[in-house]
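Please consult the sequence and the structure below while reading.

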Amino acid sequence: MQERNRVDSQWRPCSPRVPRYLRTAAALAAAVQSLINAPPPRPESQSLHAQLLTSGLRPTADLSAKILILHLRCGSHRNARAVFDGMPAPTHAAHNYLVAGYFRLGLPGEALGIVRRLAGATGRLDVFALSMALKLSGALALPRAAREAHARVIRTVLEFDDILFAALVDAYVKTALLGYARRVHGMMPAPSVVCSTALIVGCMNEGLYRDAEAIFDGTREKDVVVYNTMVEGYSKTEETAESSLEVFKAMQRARFRPTVSTCVSVLGACSLLSSPELGEQVHCHAIKSNVASDIKTGSALLDMYSKCGRVEDGRKVFDGMAERNVVTWTSMIDGYGKNGLSDEALELFEDMRQQRVVRPNHATFLSALSACARAGLLAQGQEAFQSMEREYSLKPRMEHYACMVDLLGRFGSVRQAYDFVGGIPARPNSDVWAALLGAATLHDDVDIANIAAKEVFELSRAGRPGAYMAFSNTLASAGKWDGVHDVREMMKQRGVLKDAACSWVGSDK
């Protein structure tokens, strides 16, 4: 009798609001699956869950899992978690769906919590959960979590596969445990290209270029990703930028077509080398490879032309782009400012604000403020700074305050700049005080220079040799030679060395 009542309760008639064809768990499951498969899922499709709740129908484990997936596909992690928490005994599959969904929605901490809950409840994790645990450890930069996941892999998995090896190496690289990553890589009889690529990234991050080269040379079946990894790794410093171009050439000889990632990295190397001629060649390759129209490639192109002094060419790229994002606008504004075209920079900044298609971010405002500081446009700089919070709810950062101090101090008054520093809500950092010191030095204001110098020396004891020299020069201009001697002695005691003068001249010979 009790069994009959239980069955009757489970399958009691549905609410009249629910269509007749959805009045069984199987029908609902089929309907939900069709919505999951439909690209892209629509948020209103989640109304099926509401229909289920009003129907009184108790969902099966399979139906609950499908509804959970549907909520995740629609970006509603809270609804997905409510479904998960409402399951009497969530299956391994339900755990894995929620973990993958959380990770895809940018919630790695919550995802790792679900993995740990599964491990605590069942005492074991399948290969998917273990690989996700490793991926999440890397995303959160948690070395202890990576080692714990590795220990579970050793206890649970009888035979390692390439996926787990690659996940282990990647997790150890991202948690700054390069030694562990090397050991795992060395355990493989024939490391896969994915595994080798992950280790190359770790070596490049540590500046171990020869080690990265050895791993790359030992990779038998190279793909475009491993080539891109080498190109990108070399493109980050001026000393290795030429090697980035050499790998790019080798990549072409190996018949691999440059991707967006390739072009962005190589263009960065051209910027470091101040070589617009090489940049033009990469531009041609991007056109031939049909990636020049990509927004990332376009942004990298105009940034390269601007940094190489060819701001007009950069503007041509900017004007020819079908789509622009905040990086594109900021790069063009910054390019104008750094090439001494502050009026053009501010005109473009104003166009961006008037069009209201892309919102300026912190970097955009810093580029605009820097353009004002270079040209002494005090009123425009003050207006731009005040608009950050007023119009865009962007709280200024220390670099914005430092830029305003520099602008006020050099083109307003040192006292005005000093009062501005006093109004900063947080404690000013060494950049802010260094800007004030520079302004005080320019105007021979010994009193404010003394205040600013003390703050700089306290916040950056061994750094900023220029600040020591600026304060020393201010004292010398005022004839305070005892003070000059004291500053020089302080530099000796703290091991601060004066920057050596240098000159950079390009030559064809």
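## V99 in helix α6

V99 belongs to helix α6, which covers residues 92–104. Is this residue buried or exposed? Its relative accessible area is 2%, and because the limit for burial is under 20%, V99 counts as buried. The model is a predicted one, and the values reported here are computed from it.

Leaving aside residues up to four places away in sequence, V99 touches A111, I114, V115, M132 and L136.

Two packed helices are described by the angle between their axes and the distance between the axes. For helix α10 (residues 162–174) and helix α12 (residues 193–205), the axes come within 8 Å and cross at roughly 5°. Angles under 35 degrees count as roughly parallel, and α10 is therefore roughly parallel to α12.

On the α10 side, the contact is made by F165, A166, V169, D170 and V173. Helix α12 contributes V194, C195, A198, L199, V201 and G202. Sorted by class, the residues in this contact of α10 with α12 are 9 nonpolar, 1 polar and 1 charged.

## The nonpolar core

The largest nonpolar core of the chain contains 135 residues. Within this core, the residues with the most contacts are L98, L134, V169, I200, M230, V432 and L436. Helix α10 gives the most to the core, with 9 residues. V169, listed among the core residues with the most contacts, also takes part in the contact of α10 with α12.

Which residues does I200 touch, not counting residues up to four places away in sequence? The partners of I200 are A212, I215, F216, V226, T229 and M230. Of these, M230 is itself among the core residues with the most contacts.

## L459 in helix α27

L459 is located in helix α27, which runs over residues 446–459. With a relative accessibility of 34%, L459 counts as partly exposed.

Residues up to four places away in sequence aside, L459 touches R427, P428, N429, S430 and W433.

## Two loop residues with positive phi

S393 has a phi near 55°, a positive value in a residue other than glycine. This residue sits in the loop between α23 (378–392) and α24 (398–411). The relative accessible area of S393 is 66%, so the residue is classed as exposed.

D444 likewise has a phi near 55°, again a positive value in a residue other than glycine. Its place is the loop between α26 (430–442) and α27. At a relative accessible area of 47%, D444 is partly exposed.

## The chain as a whole

How many helices and strands does the chain have? There are 29 helices and 0 strands. The chain has 509 residues, of which 46% count as buried.

Among contacts with a separation of 6 or more, 60% are accounted for by residues 24 or more positions apart. The chain exposes about 26700 Å², and carbon and sulfur atoms supply 52% of that area.

Methods. Residues are numbered from 1 along each chain as its sequence is written. This is a predicted model: local features need pLDDT of at least 70, side-chain atom pairs count only at pLDDT 80 or more; totals for chains, interfaces and linings use all residues. Side-chain values use heavy atoms; hydrogens and water are left out. Axes are lines fitted to C-alpha atoms, for helices over the stretch in contact, and angles run from 0 to 180 degrees between N-to-C directions. Helices (H or I, at least four residues) and strands (E, at least two) are DSSP runs, numbered from the N terminus. Angles under 35 degrees count as roughly parallel, over 145 as roughly antiparallel, 65 to 115 as roughly perpendicular and the rest as oblique. Contact means heavy atoms within 4.5 Å. Ala, Val, Leu, Ile, Met, Phe, Trp, Tyr, Cys and Pro count as nonpolar, Asp, Glu, Lys and Arg as charged, and the others, Gly among them, as polar. Buried means under 20% relative accessible area, exposed over 50%, partly exposed in between (1.4 Å probe, protein chains only). Accessible areas come from the Shrake-Rupley method with a 1.4 Å probe; for residues, only the protein chains shown count as cover. A nonpolar core is a set of buried Ala, Val, Leu, Ile, Met, Phe, Trp, Tyr and Cys residues joined through side-chain atoms within 4.5 Å.
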